[in-house]
Amino acid sequence: MGLVSATDMLVKAKAGKYAVGQFNINNLEWTKSILLTAEELKSPVILGVSEGAAKYMTGYKTVTAMVKAMIEELNITVPVALHLDHGSYEGAKKALDAGFSSIMFDGSHYPIEENIEKTKELVELCHSKGVSIEAEVGSIGGEEDGVVGKGEVADPKECKMIADLGVDFLAAGIGNIHGKYPANWEGLDFEALDAIQKETGVLPLVLHGGTGIPADMIAKAITLGVSKINVNTECQLYFQEATRKYIEAGKDLEGKGFDPRKLLAPGAAAIQTCVKEKMELFGSIGKA
Ligand code: 13P
C-alpha cells in the first residue's frame with residue numbers, strides 16, 4: 001500500500017476508542033524503525049515531519065521519495081500517512097506539492113480570524129488532492145524546532161469554528177507541552193477536553209506532546225475523544241540512551257564497531273521498543 005490520508009484511520013480510531021500514534025522522523029533509521037514496528041504489530045501509523053526535520057533531510061521531496069520507496073522495499077502493508085507537523089502556511093503548500101498525504105497547518109499563533117481564513121483555504125487545497133488536514137487551536141506549550149508555544153488551553157467555541165471548516169482532525173491545547181514535562185506540571189485539562197469534544201462531536205482530536213504523559217491520562221484522553229497522539233522527544237531519548245550505552249561500553253572501538261550501520265543499530269532498535277510501547281498504550285495494535 002502506498003501513502004494514505006490519515007482521515008480513515010482516525011475515524012476508525014475514534015469509533016473504536018483507541019488512538020493512532022504519530023511518530024516524528026529525522027532520518028532513514030527513524031523511518032525504518034517506525035515502519036517495521038507498525039508492520040510487525042499490524043498497526044496503522046502516521047510519520048510526522050516537522051519543517052525543521054524536512055529541511056534536515058534536504059527537503060519535502062527527499063522525504064516523500066524515501067518514505068514511498070521504503071514502504072515498497074520493506075513490503076509494508078499497514079496504512080501509513082506522511083504528515084507535515086506544525087506546518088506554516090507556505091510549508092503546508094510545499095509539502096502538499098511534494099506528495100505528503102496529510103498536512104497540519106498550525107495557525108494557532110494567528111488571531112482566530114486569520115487562523116480561520118488560512119485554514120479554510122488549506123482545507124480546500126488539501127481535500128482537492130485527497131489529503132487530510134489537521135488544524136490547531138490554543139498553542140501547545142514548549143519548544144519544537146524553534147516553534148515556541150505558550151501552552152494555552154483552547155477555547156471550545158473557537159475549536160468548533162475551526163472544526164466547521166471541514167478539517168479532518170483537530171489539535172487543541174489542553175495543558176500539554178512538547179518535550180519533557182516539568183516536575184510541577186499540572187497534568188492534562190480533562191474538563192477542557194470534554195468541553196471541546198462536546199462542541200466538535202465526532203471529529204477526531206489530536207494530543208500533541210505525547211512524551212511522558214502517564215498511562216492513565218492517555219487512557220482518559222482517548223475516552224474523551226483523542227484519536228491521534230504525537231510522540232517525538234521520547235524516541236529521541238530512547239535513541240540517545242542506547243547510543244550512549246554503546247559508546248560508553250567501548251563497542252565502537254571493538255572490531256568494526258565504528259561502522260555507522262553498527263553504531264546506529266542499538267539506537268534504531270531502541271526506537272522500535274519505544275514505538276511498540278506507545279502502540280500498546282494507545283491500543284492501535286492489530287487495527288491495521
Ligand atoms: P513530544 O516531543 O513531546 O513527544 O511531542 C511531539 C509532538 O507533539 C509533535 O507535534
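Okay, before anything else, one definition: when I talk about a helix axis here, I mean a line fitted to the C-alpha atoms over the stretch in contact, and an angle between two axes runs from 0 to 180 degrees between their N-to-C directions. Keep that in mind, we'll need it in a minute.

So, this is a predicted model. What are we looking at overall? In terms of secondary structure, you get 12 helices and 10 strands. Of the 288 residues, 49% count as buried. And if you take the contacts with a separation of 6 or more, 71% of them are between residues 24 or more positions apart.

Now, the helix pair I wanted to show you. Two packed helices are described by the angle between their axes and the distance between the axes. Here we have H2, residues 28–41, and H12, residues 265–282; their axes come within 9 Å and cross at roughly 45°. That angle makes H2 oblique to H12, and the crossing is right-handed.

Who's touching whom? On the H2 side, the contact is made by Glu-29, Trp-30, Lys-32, Ser-33, Ile-34, Leu-36, Thr-37 and Leu-41. H12 brings in Gly-267, Ala-268, Ile-271, Gln-272, Val-275, Lys-276 and Met-279. Sort that contact by class and you have 8 nonpolar, 4 polar and 3 charged residues.

Note on methods: Residues are numbered from 1 along each chain as its sequence is written. This is a predicted model: local features need pLDDT of at least 70, side-chain atom pairs count only at pLDDT 80 or more; totals for chains, interfaces and linings use all residues. Helices (H or I, at least four residues) and strands (E, at least two) are DSSP runs, numbered from the N terminus. A residue is buried if 20 or more other C-beta atoms lie within 10 Å of its own, exposed if 12 or fewer, and partly exposed in between; C-beta atoms are placed from the backbone. Two residues are in contact if their C-beta atoms, placed from the backbone, lie within 7 Å. Angles under 35 degrees count as roughly parallel, over 145 as roughly antiparallel, 65 to 115 as roughly perpendicular and the rest as oblique. A crossing is left-handed if the near helix is turned anticlockwise from the far one by less than a right angle, and right-handed if clockwise. Ala, Val, Leu, Ile, Met, Phe, Trp, Tyr, Cys and Pro count as nonpolar, Asp, Glu, Lys and Arg as charged, and the others, Gly among them, as polar.
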